[in-house]
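Here is a short note to read beside the model. Please keep the structure open and look up each residue as it comes.

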There are 2 protein chains.
Amino acid sequence: MNAFSNQPSPLDITALGNRFVTFSGGQNGEWEVIRVDSVTGDSLPLSQRMSRITGVAELSKDNNEWILRGVTSNVRYAERHEKNQLVAKQAGLGRKEATLGALIPIKKSAEWWNLTQEERRQIFEAKSHHTEEGLKYLPAIARQLYHCHDLGEPFDFLTWFEYAEEHADEFEKLVDYLRKTEEWAYVDREVDIRVRRA
Amino acid sequence: MNAFSNQPSPLDITALGNRFVTFSGGQNGEWEVIRVDSVTGDSLPLSQRMSRITGVAELSKDNNEWILRGVTSNVRYAERHEKNQLVAKQAGLGRKEATLGALIPIKKSAEWWNLTQEERRQIFEAKSHHTEEGLKYLPAIARQLYHCHDLGEPFDFLTWFEYAEEHADEFEKLVDYLRKTEEWAYVDREVDIRVRRA
């Protein structure tokens, strides 16, 4: 047995650099919150503003109504021909005309995580055409996926979208499509946070 | 712009429960360190003892010569027939007769992480037979993989092995085999820490 001090060991997230992201809701932030809906399971508080910070976030005391964290990582399901198309077509975040945003945190079921890689790929793409469908909306809908299944967070993924007012209907079509797929049968919790650049 | 306090936001690793592991080297710990070798890149300090704690670790002040953290996660490459064989054949950690241990932290190259899933699987199994070869050594060599690529840690994986004295030669064969595979061409840093139950 060891004699332990009372210091729990924190992870050094500074080493993740700009791979790390913190979304938080409260009084501050560059995004005005339009609405917060629960799609499946518990919702999140409806805050006035939302902040999205990459790198090590020093949170405002006024922005702790909810806090979600994630990290960019390697692709899990896209194959070479798909990744090449994604890279060729996708737009970056921060476009001036992309005044609307959506943060959709998702938690998948234990059943999903117990599947093997090729079983998950089969559901994700062969049956649900997740990437194939998403590609149709590029570059209009800019998208960034953050992973948090291995970070002890309440969700497994934070999906972040930015788009112009004129593409708002297209975004609804994409979201509606995905929610009807077989993949979505494995979604245990989903919240839909819509924001507008403040 | 937000007015931030000086509080960086720590991840709540308590939510990971026993998925979280902390290995640390120093004066304490249930494992006596036999040797520490650099296989590729920088080594780690040769400490007297090593501790392996699952769950939230409250580290001894005497055990901070080096600290490595990781998390158990879903399988990345094993397909159904392989996962079933692994589950059927593998032994758990903590067997009384398994008095020898090896902690082999590995960091893979940016080139590896830029590959797509099927390209990594192709190298991992079709070319390197990683799982197929490892299966031959079950249940003699108990193995647990911890992920840390997305945690901001200095390594991407912590591979932990426990085995009995009588299987020490077999373990060397397994390690020698893996280091000659095509997969290992993508290993940027590897340290080999050998321990004995104290």
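**Notes on the predicted model**

1. Aromatic pairs. Over all chains, this predicted model holds 18 aromatic pairs. Rings of Phe, Tyr and Trp (its six-membered ring) pair if their centres lie within 6.5 Å; planes under 30 degrees apart count as stacked, over 60 as edge-to-face and the rest as tilted. Take B:Phe23 and B:Tyr146: the ring centres are 5.9 Å apart and the planes stand at 75°, so this pair is edge-to-face. The pair links distant parts of the chain, 123 residues apart. B:Phe23 is in strand E1 (residues 20-26) of chain B, and B:Tyr146 is in strand E6 (residues 142-147) of chain B. Helices (H or I, at least four residues) and strands (E, at least two) are DSSP runs, numbered from the N terminus.

2. Buried or exposed? B:Phe23 is buried, at a relative accessible area of 0%. B:Tyr146 is buried too, at 2%. Buried means under 20% relative accessible area, exposed over 50%, partly exposed in between (1.4 Å probe, protein chains only). In chain A, one aromatic cluster is formed by A:Phe23, A:Trp31, A:Tyr146 and A:Trp160.

3. How to read the numbers. Residues are numbered from 1 along each chain as its sequence is written, while chains are lettered from A and ligands numbered from 1 in the order in which they are written. Since this is a predicted model, local features need pLDDT of at least 70 and side-chain atom pairs count only at pLDDT 80 or more, whereas totals for chains, interfaces and linings use all residues; side-chain values use heavy atoms, with hydrogens and water left out.

4. Confidence. pLDDT is the predictor's confidence in each residue, from 0 to 100. Chain A averages 92, and 95% of its residues score at least 70. Over residues 1-8 of chain A the pLDDT is below 50. Beyond near neighbours in sequence, that stretch has 19 contacts in the model. Contact means heavy atoms within 4.5 Å. Where pLDDT is low, the predicted coordinates should not be read in detail. For the complex, the predictor gives an ipTM of 0.91 and a pTM of 0.93.

5. Two copies. The same surface serves both: 100% of the contact residues of chain B recur in chain A.

6. Helix H1 of chain A. Which residues of helix H1 (residues 80-89) of chain A are buried? They are A:Glu82, A:Lys83 and A:Leu86. These residues cover an arc of only 100° around the axis, so they lie on the same side of H1(A). The arc is that of the directions from the helix axis to the C-beta atoms. Their cover includes helix H3 (117-127) and helix H4 (130-135) of chain A, together with helix H2 (110-114) of chain B.

7. Helix H3 of chain B. Here B:Gln117, B:Arg120, B:Arg121, B:Ile123, B:Phe124 and B:Glu125 are buried. An arc of only 165° around the axis holds them, which puts them on the same side of H3(B). They pack against H3 of chain A, together with helix H1 (80-89), H2 and H4 of chain B. B:His129 follows H3(B), and its phi is positive, near 50°. B:His129 is not a glycine. At a relative accessible area of 30%, B:His129 is partly exposed.

8. A cis bond. Where is A:Pro139? A:Pro139 lies in the loop between H4 and strand E6 (142-147) of chain A. The peptide bond from A:Leu138 to A:Pro139 is cis, with omega near 0°. Chain B has a cis peptide bond between B:Leu138 and B:Pro139.

9. A strand residue. A:Val39 is in strand E2 (residues 31-40) of chain A. Its relative accessibility is 34%, so A:Val39 counts as partly exposed. Not counting residues up to four places away in sequence, A:Val39 touches A:Arg179, A:Glu190, A:Val191 and A:Asp192. The C-alpha atoms of A:Val39 and A:Arg179 are separated by 9.4 Å, though the two are 140 residues apart along the chain.
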